[in-house]
Amino acid sequence: MPFCNSRRWHLRQLMTAASLVLLVACAEKPTAADAQPLQTVPAVPAPAVIPPVVPAGENLEIQPTQTFAEWQSGFRKDALAAGIRAELFDRAFADVSPDMSVIKADRSQPEFSRPVWEYLDGALSPVRVRKGQALINQYADTLQSIEQRYGVDRQALVSVWGMESNFGQFQGNKSVIRSLATLAYEGRRPGFAHAQLLAALQILQQGDIEPEKMLGSWAGAMGQTQFIPTTYNTHAVDFDGDGRRDIWGSPADALASTAHYLQSSGWQRGQPWGFEVQLAKGFDYSLADGATRRTVAEWMQLGLTLPNGANVPAGSEHLSAALLLPAGYRGPAFLVLDNFRAILKYNNSSSYALAVSLLSQRFSGAGLINGEWPKDDLPLSRSERIELQNLLSAHQYDAGTADGIIGANTRKAIRSAQQSFGWPADGYPTHKLLEGLRNR
């Protein structure tokens, strides 16, 4: 989206300053919300349209076709028809009004992405590792019981816990009902918000939490491992046996609910998430695509090796894997297996899934990366990604909708353009490629 030069300059300055603040504070805060999709292995569909960037100072007044009271009256009828008790609805919606900060967050998209190596530095901070280790010991009996029931290892569960809320410390302080009502009323994604709001009312009606205590993120994600209401209704469990599925106050319930979700997402008991590999000279980088899956043994036959002469994990030779290059061919490479894909269903960002996976290993002193990151090649900004997509399509490399999301169509177009330049076709968007297309 075009901006005047002065507005773009001020936005760049603000985002640069914000990035520095994030880097200083990253060891103290949850990291999931910072994850940017970087060459993701497809797990769930990305949104077809992302909301426009709202420049600083933009008027955020909403102009719907009805008043909030009119919308609430209509939604009340829907809720009661779905089985919600009238007295519960009226209590939940007492004094509820639209939250403009939710609308601002929903309409805004970050112009700049943190490089994956900076994101991982925050996610894998020594503070987070030490805290996770202590909690693994503190909740050893509970975690063992969860492992036995759901087959998801304790390190992975505690890693998700740390990534989503810094082990319960940052769960969000917004009223879930107010946030979702705002999103349903404002109208950009009414279907999604409507379904989540009904699900939130069902949670209240089940008695798992009181309306005043149902707090979460601006988007309605809740609890210590940040479930949206529909996911809560399908996967939250009462593991501590107190009669409530309390993902806010009970670590046992939150961790078991996460294990239940990962199990249903395809988690394989006892299997690794993946491992780092080194690629042979002349490797065909176009194979680094989530849609290309081969057995570990077949990948190794292409000349892949493990760092420091290590062997592939025992019993993994027959497992299906994809090759992940989170920073393109110049950065580290990983073979990722089914458990990595399960984490992607929790949060469809390869940087997030990689952070969860590596953090789970750091708790036992492993999870170190041998490859070097290309720190001289910062990620493209959102406006640059949109420009790249437009240039690709203009040069007959169909990148699909110019939305700033580097999905399968854009990666395919990037590979074609890279091949035309005689470069490694890894499908990774770079400033070099953008400049090359600008000058063509």
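**Entry 1: D99 and R178**

I started with D99 and R178, whose side chains meet in a salt bridge at 3.9 Å, N to O. By salt bridge I mean a side-chain nitrogen of Lys or Arg within 4 Å of a carboxyl oxygen of Asp or Glu. The pair links distant parts of the chain, 79 residues apart: D99 sits in the loop between helix 3 and helix 4 (100-107), and R178 in helix 9 (residues 176-186). Helices here are DSSP runs (H or I, at least four residues), numbered from the N terminus.

A note on what I am looking at: this is a predicted model, in which local features need pLDDT of at least 70 and side-chain atom pairs count only at pLDDT 80 or more, while totals for chains, interfaces and linings use all residues. Residues are numbered from 1 along each chain as its sequence is written, and side-chain values use heavy atoms, with hydrogens and water left out.

Is D99 buried or exposed? I found D99 buried, with a relative accessible area of 10%. R178, at 30%, counts as partly exposed. The cut-offs are under 20% relative accessible area for buried, over 50% for exposed, and partly exposed in between (1.4 Å probe, protein chains only).

**Entry 2: other salt bridges**

I then searched the whole structure and got 17 salt bridges. One of them joins D90 and R76 at 2.9 Å, N to O. D90 lies in helix 3 (residues 86-92) and R76 in helix 2, so this pair ties together parts that are 14 residues apart in sequence. D90 is partly exposed at 38% relative accessibility, and R76 is partly exposed at 28%.

I also looked up R244 and D246, which meet in a salt bridge at 3.4 Å, N to O. R244 is partly exposed at 31%, whereas D246 is buried at 10%.

**Entry 3: helix 2 and helix 10**

How do helix 2 and helix 10 cross? The axes of helix 2 (residues 68-81) and helix 10 (residues 190-206) come within 11 Å and cross at roughly 60°. Axes are lines fitted to C-alpha atoms over the stretch in contact, with angles running from 0 to 180 degrees between N-to-C directions. That makes helix 2 oblique to helix 10; oblique is what remains after under 35 degrees (roughly parallel), over 145 (roughly antiparallel) and 65 to 115 (roughly perpendicular).

I checked which residues meet: W71, F75, D78 and A79 in helix 2 with H194, L197, L198 and L201 in helix 10, where contact means heavy atoms within 4.5 Å.

Definitions and conventions:
Helix = DSSP H or I, 4+ residues; strand = E, 2+ residues; numbered from the N terminus.
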